[in-house]
There are 2 protein chains.
Amino acid sequence: MSKAEVSLAHLFRVFTKPEGKDSKLAQIEQHLSDNLADFLSQHVVTKARSLEDIEQDFSDPHVPEHPEFVSEHADALLKKLVSHSVNTYSPTFIGHMTSALPYFHLPLAKLLVGLNQNLVKIETSKAFTPLERQVLGMMHQLVFGEQDSFYQQYLHSADQSLGAFCSGGTVANMTALWVARNKALPADGTFKGVAREGLAAGLMHYGYRHLGILSSKRGHYSLSKAVDLLGIGRNQMVTLPCPSQTLSPEQALAAGKAFEQKGNKLLAIVGIAGTTETGHVDPLDELADVAKELNCHFHVDAAWGGATLFSHRYRHLLKGIERADSVTLDAHKQMYVPMGAGMALFRNPNDSNAVRHHAQYILRTGSKDLGATTLEGSRNGMAMMVYASLHILGRQGYELLINRSIEKAKTFAALIDAHPNLELITAPTLSLLTYRIHPGQDISRACDDTTMKQRNGVLDRLTVGVQKQQREAGKSFVSRTRLEVARYPGQPITVFRVVLANPLTTEQDLRNILDEQLSIAQTTRAWAELTA
Amino acid sequence: MSKAEVSLAHLFRVFTKPEGKDSKLAQIEQHLSDNLADFLSQHVVTKARSLEDIEQDFSDPHVPEHPEFVSEHADALLKKLVSHSVNTYSPTFIGHMTSALPYFHLPLAKLLVGLNQNLVKIETSKAFTPLERQVLGMMHQLVFGEQDSFYQQYLHSADQSLGAFCSGGTVANMTALWVARNKALPADGTFKGVAREGLAAGLMHYGYRHLGILSSKRGHYSLSKAVDLLGIGRNQMVTLPCPSQTLSPEQALAAGKAFEQKGNKLLAIVGIAGTTETGHVDPLDELADVAKELNCHFHVDAAWGGATLFSHRYRHLLKGIERADSVTLDAHKQMYVPMGAGMALFRNPNDSNAVRHHAQYILRTGSKDLGATTLEGSRNGMAMMVYASLHILGRQGYELLINRSIEKAKTFAALIDAHPNLELITAPTLSLLTYRIHPGQDISRACDDTTMKQRNGVLDRLTVGVQKQQREAGKSFVSRTRLEVARYPGQPITVFRVVLANPLTTEQDLRNILDEQLSIAQTTRAWAELTA
């Protein structure tokens with residue numbers, strides 16, 4: 001590869017002059033702008049290369065000594081990186097929560113980088129700070145529906161905050177539980193609070209053995225990261241089995257009481273509005289009652305399902321979310337914003353003060369610097385993407401998209417249910433569902449436990465094999481997970497998992513995906529065993 | 001404002017068709033692409049509007065009901081948001097660590113959003129995962145300089161990790177201290193480790209009263225956030241005063257021993273390579289000795305200064321960093337990458353296993369999913385920007401930029417030092433310096449304590465007043481902070497703080513900034529008092 005000149009003059013050009021219109025980078029950009037789908041289908045190769053093979057391209061641990069020309073590097077990016085990326089825009093990529101995005105995000109991404117604001121403090125984000133606070137306010141209003149006077153008072157208050165914008169649901173869950181932990185061990189006459197004195201001193205002061213968090217087994221793994229991070233310990237995660245895919249309020253209450261009878265304090269109950277694996281929604285209203293009875297924080301992880309609130313038709317599914325103390329949302333999921341737009345919202349605007357920090361050169365007391373109450377420090381202005389989406393799609397636009405996703409999932413579930421060789425495992429509440437290929441007669445109710453277990457073992461092999469082969473073929477992508485369901489008590493099974501978020505996915509796409517899976521399945525040994 | 005149609009057909013267009021070439025959004029994009037500096041100088045207003053006034057534009061807590069046309073919204077963004085953003089690209093914005101960026105990041109930002117990969121797991125980031133691991137490897141090699149065989153073994157290992165990519169230095173510091181905490185209270189025969197059993201159980205098991213962290217008072221506020229988050233408690237932050245701006249190894253050792261004599265365990269010593277306020281570098285090599293003697297983790301926060309390692313001329317300033325257990329770097333600082341590119345590096349590739357988490361549908365055991373050992377979950381592919389910068393600028397390009405920044409800071413310091421009405425407070429080690437306007441004779445060594453204190457009070461008022469007025473005038477931006485320095489023992493003073501990162505800043509720009517400050521100063525009452 002030819003090398004660029006090492007001189008200040010060259011470097012200045014890199015900072016001040018765009019590449020020429022005919023350069024490789026400009027061509028890439030033009031193609032992206034004109035037709036993203038075509039760009040991706042042209043450059044992302046469908047036949048998967050093995051990961052080990054791709055790793056060979058990214059194995060040099062040495063910083064290149066000499067500068068490279070921008071366009072030559074752009075070419076390398078196309079060949080090494082873009083070609084082996086995942087086409088998340090594709091209508092047949094229905095295995096994860098990443099989907100096609102509206103076009104306007106492409107130029108806005110450029111604007112974001114051109115402005116390069118840092119949201120940690122007002123001095124580097126003058127208008128972005130109020131914008132981010134408005135976005136938090138809009139989402140707060142959508143979830144909690146307070147009066148206008150409430151928002152007049154708190155939206156731009158220096159002493160309160162309606163939430164924290166962050167990189168994603170994991171940090172949002174951590175932020176919410178951090179607030180909950182600090183509120184559970186507050187300062188009093190003789191104790192300065194857990195933030196100052198530490199967790200062990202707080203437990204001793206209040207006479208608790210442990211703090212704990214309760215959720216169903218479908219809780220996101222970030223909860224487990226959070227209890228580790230916060231010093232609570234993963235053993236203090238009370239996770240209840242949920243063959244019905246939702247947390248039972250009665251069992252939650254009983255488990256919470258049992259936990260506290262051992263001298264512990266239940267810090268928070270986490271209800272899930274759209275589980276990652278099946279899209280189920282916990283009975284939030286009843287869980288709010290349980291949290292009230294146990295006098296603990298009620299957090300709702302609505303990273304996936306929160307956007308359902310835009311839909312007048314389906315928002316009832318989240319009834320009770322307005323009683324949560326804190327709520328996690330991810331705009332990069334069903335709000336179709338690029339990756340990196342999570343939010344933790346607090347019903348009580350004073351709650352975020354439980355984690356408030358100040359510093360001299362920054363985050364001065366009384367300032368409106370966002371960094372004072374966020375887990376993260378420097379952050380980019382991703383809130384602009386959420387703001388733009390809220391305006392350009394509007395509530396009505398979001399409602400159309402949400403309704404369509406849910407209804408498409410229902411159609412897909414009906415297709416599966418009607419097919420003799422497919423078994424619907426979890427029907428969609430929101431736009432997720434799980435199923436498996438199950439050839440031959442349905443013996444789930446007829447055979448004994450041992451036979452069933454054995455058969456499920458073969459079915460698991462079948463699912464894993466088909467999922468991998470389909471992924472490697474590269475035309476479509478469905479994910480898989482392992483679940484316990486009521487039909488097979490005590491026998492977790494492996495299932496296909498589908499997320500119907502992409503508005504561009506058609507019913508025909510879904511039929512094709514099933515056909516492909518069934519034809520792969522028929523070539524496997526497991527299929528032969530099952531149909532023998 | 002006219003409203004867009006609410007229909008699926010309209011929404012599909014938003015997802016599949018770019019705006020026309022003559023649309024407002026396309027015009028904005030073209031302007032950004034052709035001449036970013038001109039775009040900013042045309043749209044960012046220089047005369048500051050008050051924050052309260054800007055907040056009025058971002059005060060509606062209601063999600064707009066009806067969709068808006070993209071171009072109308074783009075126009076609103078220009079008028080409300082861009083106009084009142086901070087021109088961080090400007091050569092006269094020298095108050096914070098945000099600077100002009102190379103041009104190629106604009107098209108790459110678009111590519112990043114077009115690809116919209118999620119780095120939490122391989123399945124949504126096939127080539128981006130190896131790329132991110134290579135970036136971590138390159139930075140690891142730059143810092144720790146291990147042999148090639150080391151990187152062959154660990155760079156793509158499923159069971160180890162050289163570091164964690166994250167949104168910024170705050171999360172990087174938290175990640176490093178999380179690892180350090182979990183390593184300090186590990187599993188043994190009867191104890192399952194702090195990650196599982198919790199901090200209180202860990203302290204009890206090992207017979208420690210508290211864990212603690214030691215740094216100088218110049219430590220970043222994220223350390224204080226981290227000890228709160230991790231349950232250690234801010235009272236257990238041992239922060240030593242440092243009128244010389246660096247941590248004294250002797251005092252660190254003594255303070256560490258004193259802390260441990262109270263029955264505590266010092267978890268980590270944090271050395272700083274480029275303090276946020278003055279750019280000083282702690283004596284890392286000596287601090288590594290202290291950490292060894294105290295048998296504790298040695299973390300180096302090189303968020304600002306890490307890039308100095310690219311410079312053969314100045315990398316000696318960071319001598320000893322290669323002995324750190326963990327190092328924080330921010331590529332969005334002196335590596336000129338857009339906001340959101342932090343890294344925590346671990347010398348020992350097994351260290352990140354102290355915070356490893358798994359989940360069924362994701363982060364399966366044995367997978368190379370990055371989310372298993374990062375604090376964050378879903379993340380975008382910002383590592384691509386670092387990768388591209390490393391190639392396009394190269395080590396030699398970075399060396400030129402780093403050397404130039406440091407030398408410009410030295411020139412600026414000489415200018416200040418030679419001026420009768422300016423007082424250089426901290427000379428630059430890296431490219432930061434602090435100073436103040438100090439008219440009249442230098443009485444610092446001549447007068448008694450009370451007189452000096454009084455005079456410093458007036459000088460503080462002068463600095464605050466000038467800084468605000470200059471910021472509001474909008475031509476240039478210098479920040480301010482409050483420091484204790486050796487010359488005024490026991491009397492923290494307010495100073496101007498300058499960060500010379502922008503390669504486009506000229507010596508003439510710096511002279512103009514001083515002239516503007518001096519002429520503002522002469523109109524103040526404080527000036528009159530001081531020169532009376």
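Helix α9 of chain B is mostly covered, with 15 of its 16 residues buried (under 20% relative accessible area, where exposed is over 50% and partly exposed lies in between, with a 1.4 Å probe and protein chains only). This helix, residues 169-184, reaches 22 Å from its first C-alpha to its last, close to the 22 Å expected at 1.5 Å a residue; the expected span is 1.5 Å times one less than the number of residues. Helices (H or I, at least four residues) and strands (E, at least two) are DSSP runs, numbered from the N terminus.

This is a predicted model, in which local features need pLDDT of at least 70, side-chain atom pairs count only at pLDDT 80 or more, and totals for chains, interfaces and linings use all residues. Residues are numbered from 1 along each chain as its sequence is written, chains are lettered from A and ligands numbered from 1 in the order in which they are written, and side-chain values use heavy atoms, without hydrogens and water.

Chain B also holds an open antiparallel sheet of four strands, ordered β8-β9-β11-β10, where pairing requires at least two DSSP bridges. Strands β8 (422-426) and β10 (479-483) of chain B each have a single partner strand, so one side of each lacks a neighbour in the sheet. Between β9 (residues 432-437) and β11 (residues 493-499) of chain B there are four bridges, and Leu433(B) stands opposite Val498(B).

In chain A, the domain assignment, automatic or from a database, gives domain 1 (8-85), domain 2 (121-379) and domain 3 (407-531).
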